[in-house]
Amino acid sequence: MRRLFPVTEETAARTPDEAGGGADAAGPRVPGAGAADREWSLAELAAAYAYPAPGPGGREPWLRANMVSTLDGAAQHEGRSQPISSDADMRIFGTLRGLADVVVVGAETVRQEGYRPARARDAFAEARRAAGQTPAPAVAVVSAGLDLDFALPLFTSPLTPTLLLTGAAAPADRVAAAEKAGARVVIAGDGAGVDPARAVRALADLGLTRLLTEGGPRLLGQLIAAGVLDELCLTVSPMLTAGDAQRIAGGPPMAVPERFELVSLLEEAGFLFGRYRRT
C-alpha cells in the first residue's frame, strides 16, 4: 500500500482514504488518490516536499532534517542507518537532496556512513537551474577538529565544492590541509566548536538558504537545542532492534519540549514518512 496525504485542520478529522487526494497546507498537490498501485514520481515527491516560498523580504534560511528511526527508537543498526531504511526512504532521501542547496552533516556521520559528494540528478536538473541552484547540493561538514580524510572523494572530486563548518580555534594545519584539498572552510564559532545559529546564517550569507541536515544524532541534538531546526522529515521504520543504538537526536535535554506539527504523512509497506514543522 502506498499513500501520501496532508494533515491540516480540515483533514485531521478525516480518514486516510478521505484525505488522500488533498492539497498540502502550503499549496502543492501531493500524491494520494490512485497512488496505491504505483510508485510516486520524483515530481510528485518534489511538490510534496517543496521548501516554503520566499517571503516579501526574499528567501530566508529554512533548515530541515531527514532522519530514520525504528519502532523502538534506534537511529542506526551497527553504526549505520542503511539497514533500517527502504527503497521508498531512499527515493525521499534523493528528493530532499535534489531540492536542497546544501546538505549539513556531522563529521562522525561522514566517517561512519562513508559520505560521498552529492550527485546531480537529471530529474531535478531543470528545476535547479530555474531556481539558480548548482547542479548538485554542496555538502557542509560540521567539525571542530577537522579530523577528516581529505583524500576522500567528498573533498577531492565533488561536483559542488565541499564546505567545512568549524570554529575560529580549529587547528591551523588542518585548515590548511582542507583548503589544499579544495574544501572551503567557513568559520561559524569563536572557539573550537560550531555555533549552530551562526552556521545557519553563514550558509545563508553564501546564498545557501534551502538547508538539509542528515545528522547524525549529536549534530541534530545541537540544532534542536539552538532552536534553529524548522522541519523534521522522519521515517519510522517497522523494525525492532533493541540494543543501545542512538536515538535520532542526542545531547542534553531541552528545558521545555518544543512542539512540531504534522504536515503530511506517507506510508509504504509499513514505513511511515512524516513531515513535521515547528508550530
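Author: A charge sits over a ring if NZ of Lys or CZ of Arg is within 6 Å of the ring centre and within 35 degrees of the ring normal. This is a predicted model, where local features need pLDDT of at least 70, side-chain atom pairs count only at pLDDT 80 or more, and totals for chains, interfaces and linings use all residues. Residues are numbered from 1 along each chain as its sequence is written, and side-chain values use heavy atoms, with hydrogens and water left out.

Reader: Thanks! What makes R64 a charge over the ring of Y51?

Author: The charged end of R64 is 4.1 Å from the centre of the Y51 ring and sits over that ring, where the limit is 6 Å.

Reader: Why is the pair of F271 and F273 called stacked?

Author: Rings of Phe, Tyr and Trp (its six-membered ring) pair if their centres lie within 6.5 Å; planes under 30 degrees apart count as stacked, over 60 as edge-to-face and the rest as tilted. The centres of F271 and F273 are 6.4 Å apart and their planes are at 15 degrees, so the pair is stacked.

Reader: And what makes F150 and F155 edge-to-face?

Author: Their planes are 85 degrees apart, with 5.0 Å from centre to centre, and over 60 degrees counts as edge-to-face.

Reader: How do you know whether F155 is buried or exposed?

Author: Buried means under 20% relative accessible area, exposed over 50%, partly exposed in between (1.4 Å probe, protein chains only). F155 has 2% relative accessibility, so F155 counts as buried. F150, at 9%, is buried too, and F273 is buried at 1%.
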